[in-house]
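Here is a short briefing on how two protein chains meet. Take a look at the model before reading on.

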There are 2 protein chains.
Amino acid sequence: MKAMEFWFSVGSTYSYLSVMRLSELAEARGGSVDWRPFNVREIMVEMDNVPFATKPAKAAYMWRDIERRAAAHGLPVKVPATYPLPQFEEVNRIATLARQEGWCVPFVRESYRSWFQDRVPAGTPESLAAILPGLGQDVARVQARADEPAIHAALGAATDEARARGIFGAPSFVAAGTEMFWGDDRLEEALEWHTTRGGAHDAAGRG
Amino acid sequence: MKAMEFWFSVGSTYSYLSVMRLSELAEARGGSVDWRPFNVREIMVEMDNVPFATKPAKAAYMWRDIERRAAAHGLPVKVPATYPLPQFEEVNRIATLARQEGWCVPFVRESYRSWFQDRVPAGTPESLAAILPGLGQDVARVQARADEPAIHAALGAATDEARARGIFGAPSFVAAGTEMFWGDDRLEEALEWHTTRGGAHDAAGRG
């Protein structure tokens, strides 16, 4: 079976719940996941979609809702977290580099843990210094590489691909190649769709 | 147990799913529901919250999502339905009158059935003519009464109450007097919260 696609930006608040739950849920279903960082903020600005920053009642509800849902899932959480995330673009370029180099999933999980559990915003020098050595990565090298034109271009290309496919928010899941689901509350539904309608099974015969 | 509050506007798209599911789900849990029409559009305009009308990618997803979820719940649906709903204010004034007179729930259910199943937008003369006689209501009387200052004022007061309580969207549920949940995907969670944390049981000892 092809991997289910998980489109995310570090900086999306509800993505905390998906980032912390996704690997275990997918594994339990025998499905694999392709983690696709993109720049959701760029797409939302184009759409004039400002869900929380200028809408205090909606923002207050969002934090309470995340707090309730984290508790239901047994996830620690300290909210409100810093939002909007100041190092949004930098941290998603690092995630893009990490995807190319094979350490994206633990980097994103640790970045969210830093932001939502330790009150250290993802992508800050303090957060990177706390996370990267444990992943065998040198902070200075990562910061330099993530600022190279090729990584800027790769994040831009991922964002263009997301936009072309109708993705407008994060987290989004693309199941069975084409079926899009938006929001952490659709994670289980997306996995169900992917594993039951994902088409050809892989060589090991898993489904 | 006090009733769970269901805050809605006829005109909200996802509310179709809640309107058609709510009574049965609440009954199965032994909880009652107070249906509270309000003017969510007024609050959303104040917040500059335009979720779909100017956002085609988000609107396309919303219709597909409603179609999928309706199918999962065994509800017929023809989408996209007419949106925004032209008779938004009129139909919510009629719902307000209907609440005072005791026929709100069947009116709202039939209005959504008209809009989402029969392609006749809620609140149009055609929809009202198809629905009201079956509820024992005279169309001309209802239209005249719903345009009286007292009904305008009652809908405005409900909207003021919603705003004051932090309600910013529809459908919203207020469980156990104070805990707010937004969106049809929170309906089960709200009912669970309400029936397990609703406090004092009623005189019949139901809980």
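**Interface of chain A and chain B**

Chain A and chain B bury about 2,100 Å² between them, and carbon and sulfur atoms give 51% of that area. Of the area that chain A buries against chain B, 28% comes from Tyr61(A), Arg68(A) and Arg186(A), more than from any other three residues. The model is predicted.

**Contacts across the interface**

- The contact draws on 22 residues from chain A and 22 residues from chain B.
- The rule finds 10 salt bridges across the interface.
- One salt bridge joins the side chains of Arg69(B) and Glu189(A), at 2.7 Å from N to O.

**The side of chain A that touches chain B**

- Three elements of chain A each supply at least two residues to this side: α3 (56-72), β4 (179-182) and α9 (187-197).
- The largest share, 7 residues, comes from α3(A).
- By class, this side has 9 nonpolar, 2 polar and 11 charged residues.

**Lys58(A)**

- Lys58(A) lies in helix α3 of chain A.
- Is Lys58(A) buried or exposed? Lys58(A) is buried, yet has no salt bridge.
- The nearest side chain of opposite charge to Lys58(A) is Asp65(A), 10 Å away.
- Leaving out residues up to four places away in sequence, Lys58(A) touches Pro51(A) and Phe52(A) in chain A.

Note on methods:
Residues numbered from 1 in each chain as written. Chains lettered and ligands numbered in written order. Predicted model: local features only at pLDDT ≥ 70, side-chain atom pairs only at ≥ 80, totals over all residues. Heavy atoms only, no water. Contact = heavy atoms within 4.5 Å. Buried area = accessible area lost by both parts, 1.4 Å probe. Salt bridge = Lys/Arg side-chain N within 4 Å of Asp/Glu carboxyl O. Helix = DSSP H or I, 4+ residues; strand = E, 2+ residues; numbered from the N terminus. Nonpolar A, V, L, I, M, F, W, Y, C, P; charged D, E, K, R; others polar. Buried < 20%, exposed > 50% of the residue type's maximum accessible area, 1.4 Å probe, protein only. Lys, Arg positive; Asp, Glu negative; His and termini not counted.
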